[in-house]
Amino acid sequence: MKASDVFKLKNKNGVEVIFIARGGQITGIKVPNNKGEIADVVIGYETTEGALAGDAYFGALCGRYANRIVNGQFELNGEKYQLDINNGPNHLHGGSDGFNLRTWEVEEVQLPQFAQSYKLTLVSPDGDQNYPGELTTLVTYGLTEDNEFVIEYDAVSTKDTIINLTSHAYFNLEGAGTGTVAEHELLINADKFTPIDGEIGTVTGEIAEVKDTAMDFTTAKSIGETLSADCPQVKLVDGIDHNFVINGYDGSLKLAARLEHKAAGRTMEVYTDQPGVQIYTGSHFDSSEKGKLGAPIEKWAGVALETQIFPDSPNKEHFPDAILKAEEHYKHICVYKFL
Ligand code: BGC
């Protein structure tokens, strides 16, 4: 398998999901609107070469632990681990050689529930980025005839370890390269979120109510309203870069969020069996790179909806458990459904 190998999922409605072997990186999702007009709704680069050279989190599979682990440290079975540090003092998205930078083995598979599907496999050796256990990860990318792009994760380790995998596509339902997501309406099925303590975005450990704050998306509202809100949590990261606590988490598939661009005529729902979803409005984009349609990738050009366990769970006892016992299976489903 070559890093640059390109794969495509298609269904009868003209939906297409395009990805490459490196990072399982989703480089395009083409979706019709309510008039049948197709747009590419994930931001990124125009070519595979661009994707390989550019921001390697765009659309990528992140692991072994997506999001931040404070100081890259955790304790498991009485042993202390120091992970690779790649984000200020912290560990982010699995370290400087995270799963987003690995070339995955990709194989097309026939599964009855999907119009088309692929299996992506990665074996991460014991001690990779200082994580314990050899971890074998299997990800299924499947596209249904109902316009659902399904990501199913399954991972097994030879030793007790910690894990939190996610997918890092940034969506813009008007189309990549058309502007910011400020005019998108967002609903998040979360009465609570996990506040952060500084620009670097680590969670304080608090689980706070969204009620009466700019983080309240329990009824749909424009993202722009929050981006311009006089709210300390928003100011810290110049946007939204927060984990939301999905209501009623019980391990079954729940609605995490709904994103809509009314004028463009496109709506997407996100479902997951995970307890959290990180909403990130791409505050670090600074227009220095050219993306799709030749447009600069500007601040807030897309919004990532990353289903996950909470950030820094291994150090926060009251957060959901991120421990994967030896030979047991980590499972995670994320569905992006285009209406
Ligand atoms: C995080 C951001 C981070 C970004 C890197 C997101 O998942 O929430 O804080 O800057 O990934 O691409």
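Are Phe 171 and Tyr 336 buried or exposed? In this predicted model, Phe 171 is buried, and Tyr 336 is buried too.

The structure contains 16 aromatic pairs. One of them joins Tyr 45 and Phe 58: the ring centres lie 5.3 Å apart and the planes meet at 20°, so this pair is stacked. The two partners come from distant parts of the chain, 13 residues apart. Tyr 45 belongs to the loop between strand S4 (38-40) and helix H1 (48-53), while Phe 58 belongs to the loop between H1 and strand S5 (61-62). Tyr 45 is buried, with 10% relative accessible area, and Phe 58 is likewise counted as buried, at 2% relative accessibility.

Returning to the opening residues, Phe 171 and Tyr 336 form a tilted aromatic pair, with 4.9 Å from centre to centre and 45° between the planes. This pair also links distant parts of the chain, as Phe 171 lies in strand S16 (residues 170-171) and Tyr 336 in strand S27 (residues 329-338), 165 residues apart. Elsewhere, Phe 7, Phe 19, Tyr 118, Tyr 141 and Phe 149 come together in one aromatic cluster. Rings meet charges as well: the charged end of Lys 221 sits over the ring of Phe 217, 4.5 Å from its centre, and the charged end of Lys 299 sits over the ring of Trp 300, also 4.5 Å from its centre.

The partner of S16 is strand S25 (residues 303-308), and the two pair in the antiparallel sense over two bridges. Here Tyr 170 stands opposite Ala 304 in S25.

Where do polar side-chain atoms lie relative to an oxygen atom of the ligand? For Arg 68 the distance is 2.9 Å, for Asp 241 an N or O atom of the side chain is 2.4 Å from a ligand oxygen, and for Gln 278 the distance is 3.2 Å. Taken alone, the ligand exposes 310 Å², of which the protein buries 92%.

Terms used. Residues numbered from 1 in each chain as written. Predicted model: local features only at pLDDT ≥ 70, side-chain atom pairs only at ≥ 80, totals over all residues. Heavy atoms only, no water. Phe/Tyr/Trp six-rings, centres within 6.5 Å; stacked < 30°, edge-to-face > 60°. Helix = DSSP H or I, 4+ residues; strand = E, 2+ residues; numbered from the N terminus. Buried < 20%, exposed > 50% of the residue type's maximum accessible area, 1.4 Å probe, protein only. Lys NZ or Arg CZ within 6 Å of the ring centre and 35° of its normal. Pairing = 2+ DSSP bridges. Polar contact = N/O pair within 3.5 Å; in protein donor to acceptor, adjacent residues only side chain to side chain. Areas by Shrake-Rupley, 256 points an atom, 1.4 Å probe, with all protein chains shown as cover.
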